[in-house]
Amino acid sequence: MLRTPDVPIPPEVVEMYAQEVDDHFDDFEASMRRLLPDLVQQLAAGGSRAASGFGITAVGRIDWAAAPPRECAAVLGFFEAWWLDALRSPQPLYTVMDVYEACVTATRTVTPYLAAWTAEEPGGTADAHLREFLDLQHLDLIIEDDRLVGRWMDFGSPKPIPEIITWVLEHGIERIRAQGADPDLLERLELLRIPVHGERWAAYEANFLT
């Protein structure tokens with residue numbers, strides 16, 4: 001199927017290949033390029049089990065930012081559009097957390113997805129998703145858990161957890177505060193201003209676990 005142009009690949013095969021290791025195919029990059037049209041159609045339609053960080057690891061093994069400009073724009077453009085669709089939908093086809101993890105894993109960056117959140121109209125659907133996201137992930141932020149960057153595939157660069165924390169401090173807290181977020185959640189997020197995560201955890205433990 002992969003060798004034959006334009007032949008649709010069954011969904012279960014796409015889901016299997018989307019999480020393969022990079023030595024599974026003789027030409028891994030060519031195989032991923034062949035897989036992508038079917039994969040993105042399935043993601044956009046909803047119901048694909050590839051829509052998570054783990055489910056899309058094979059795609060993230062390729063440095064799309066280093067691909068030819070037209071190819072790079074097409075791949076990154078899809079994931080950014082998919083992310084925007086989730087942010088703007090009151091009931092997206094997948095959870096915002098799943099879409100976030102998949103986008104970050106597939107494209108090795110958090111920057112455009114945080115920027116998209118910033119650019120959305122304050123007080124709208126995107127901020128409702130943000131409040132839920134931070135409510136679920138605030139402890140991972142405090143301890144700098146790796147799950148914040150999905151299945152990070154860019155082993156040549158540091159994980160951008162500090163970038164996420166900086167964004168939350170500069171944009172996220174005020175956006176959910178304006179939405180009437182729980183004061184307890186806001187207080188927990190304010191601990192992110194403590195720069196050393198060991199000290200941050202100690203403060204969390206003293207204030208919220210005793």
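The lining of the largest cavity in this predicted model consists, by class, of 8 nonpolar residues, with no polar and no charged ones. The residues concerned are Tyr100, Leu114, Trp117, Phe133, Leu134, Ile164, Trp167 and Val168. As for volume, the largest cavity comes to about 30 Å³, and the structure holds 1 cavity of 30 Å³ or more.

Which helices supply this lining? At least two residues each come from α6, spanning 111–119, from α7, spanning 125–143, and from α8, spanning 161–177. The largest share is that of α8, with 3 residues.

Let me turn to the packing of two of these helices. Two packed helices are described by the angle between their axes and by the distance between those axes. For α6 and α8, the angle is about 10 degrees and the axes lie 11 Å apart. Angles under 35 degrees count as roughly parallel, and α6 and α8 are therefore roughly parallel to each other.

On the α6 side, the contact is made by Thr111, Leu114, Trp117 and Thr118, which meet Glu163, Ile164, Trp167, His171 and Arg175 of α8. By class, the residues of this contact divide into 4 nonpolar, 3 polar and 2 charged.

I come finally to the aromatic residues. Across the whole structure, a search finds 14 aromatic pairs. One of them joins Trp117 and Phe133: the ring centres are 5.3 Å apart and the planes stand at 65 degrees, so the pair is edge-to-face. Because Trp117 lies in helix α6 and Phe133 in helix α7, the pair ties together parts that are 16 residues apart in sequence.

Note on methods
Residues numbered from 1 in each chain as written. Predicted model: local features only at pLDDT ≥ 70, side-chain atom pairs only at ≥ 80, totals over all residues. Heavy atoms only, no water. 1 Å grid on protein atoms, 1.4 Å probe; cavity = no way out; pocket = protein on both sides within 12 Å on 5 of 7 lines; lining within 4 Å. Points joined across faces, edges and corners; volume = space filled by probe spheres on them. Helix = DSSP H or I, 4+ residues; strand = E, 2+ residues; numbered from the N terminus. Nonpolar A, V, L, I, M, F, W, Y, C, P; charged D, E, K, R; others polar. Axes fitted to C-alpha atoms, helices over the stretch in contact; angles between N-to-C directions. Parallel < 35°, antiparallel > 145°, perpendicular 65-115°, else oblique. Contact = heavy atoms within 4.5 Å. Phe/Tyr/Trp six-rings, centres within 6.5 Å; stacked < 30°, edge-to-face > 60°.
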